[in-house]
Amino acid sequence: MIYGCIETGGTKIVMALVEDCGDKPGKILKKESIPTLTPEQTLPKVAEWFQEEQVDAFGIAAFGPICVDPKKVEYGHILETTKEAWKHTDLLVYLRDYGVPIGLDSDVNGSCLGEATYGAGKGLDNVLYLTVGTGIGAGITVNGEPIHGMLHPEAGHVPMRKREDDPGKCICPYHECCCEGMASGSSMKARWSVPATELSEEHIAWDIEADYIAQALATYTLTVSPNRIVLGGGVMHQKQLFPKIREHFAKYLGGYLVTEELADLEHYIVPAELGDDQGILGCEVLAKRALLRSQLTL
Ligand SMILES: [Zn+2]
């Protein structure tokens, strides 16, 4: 089987053709990114990219908030967003013409599914994936399925307690002090006036950053009880963050939970394993499952 995989982000859209390899990660046959412009400029190009190909199903992981409930009329539509041009856009409009099954989820749920199926969370029931890049987002899989409810998790915006030695301020337009506003790569750049990559490993910035990420992780552990937490995104390439995050995380849990997993934080809070492909491979799993569901309902 060949799947059309599409990962839409705020700055770029990645399209890939992926071949099913059973239990192993799908083979990426072809991949290309285009900049995210307006929906009118971008969506036809995405659909055209697959025109010459034989695609058995599509898998899409999209920036949100997006309606992922097939029972609702807004299914596949972007909801209220700061990206004005994309408000209420039907992401699936051109893809439906292909007449093949479509699997859809939020961008981070897609990445979480990729890591939970093939990467750092493989074999575990409940996995939380947090991406810390220009923004912050969390995807969660429970019993191998990305969780949905009213919407999908938007856990990048959980409230934070600000550190007294933090000279920065929250850059989220919605919240006074949330994780994305305090700990995203964009917020680090605003706070220190240089990109995070230019700060030395010893800079206080990393301890503050680790503290905020740990606050969020403690909240997630207490609410969804993941078997493992996987951290990805550009900021997490800074490996010095991991020991600091684990240290603050243990402090915030305060010894309240005693489990085998939490006794070994090096294996509880871990880096992503699929490089930059967890999103596309998550799309592959979404497509594969959409195809399977369609066959079961025939
Ligand atoms: Zn926020």
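The C-alpha centres of domain 1 and domain 2 lie 26 Å apart, the bounds being taken from an automatic or database domain assignment. That assignment gives residues 2–111 + 276–296 to domain 1 and residues 123–271 to domain 2. The model is predicted, so local features need pLDDT of at least 70 and side-chain atom pairs count only at pLDDT 80 or more, while totals for chains, interfaces and linings use all residues. Residues are numbered from 1 along each chain as its sequence is written.

**Where the domains touch**

- The contact takes 13 residues from domain 1 and 12 residues from domain 2, two residues being in contact if their C-beta atoms, placed from the backbone, lie within 7 Å.
- On the domain 1 side, β5 (102–106) and α2 (107–118) are the elements that give two or more residues, helices being DSSP runs of H or I with at least four residues and strands runs of E with at least two, numbered from the N terminus.
- The most comes from α2, which gives 5 residues to this side of domain 1.

**Helix α1**

- In α1 (residues 39–49), Leu-43, Val-46 and Ala-47 are buried, that is, 20 or more other C-beta atoms lie within 10 Å of their own, against 12 or fewer for an exposed residue.
- Seen down the axis of α1, these buried residues fall within an arc of 95 degrees, so they line one face of the helix; the arc is that of the directions from the helix axis to the C-beta atoms.
- Gln-41, Pro-44 and Glu-48 are exposed on the other side of α1.
- The cover over the buried residues of α1 includes β1 (2–8) and β2 (12–21).
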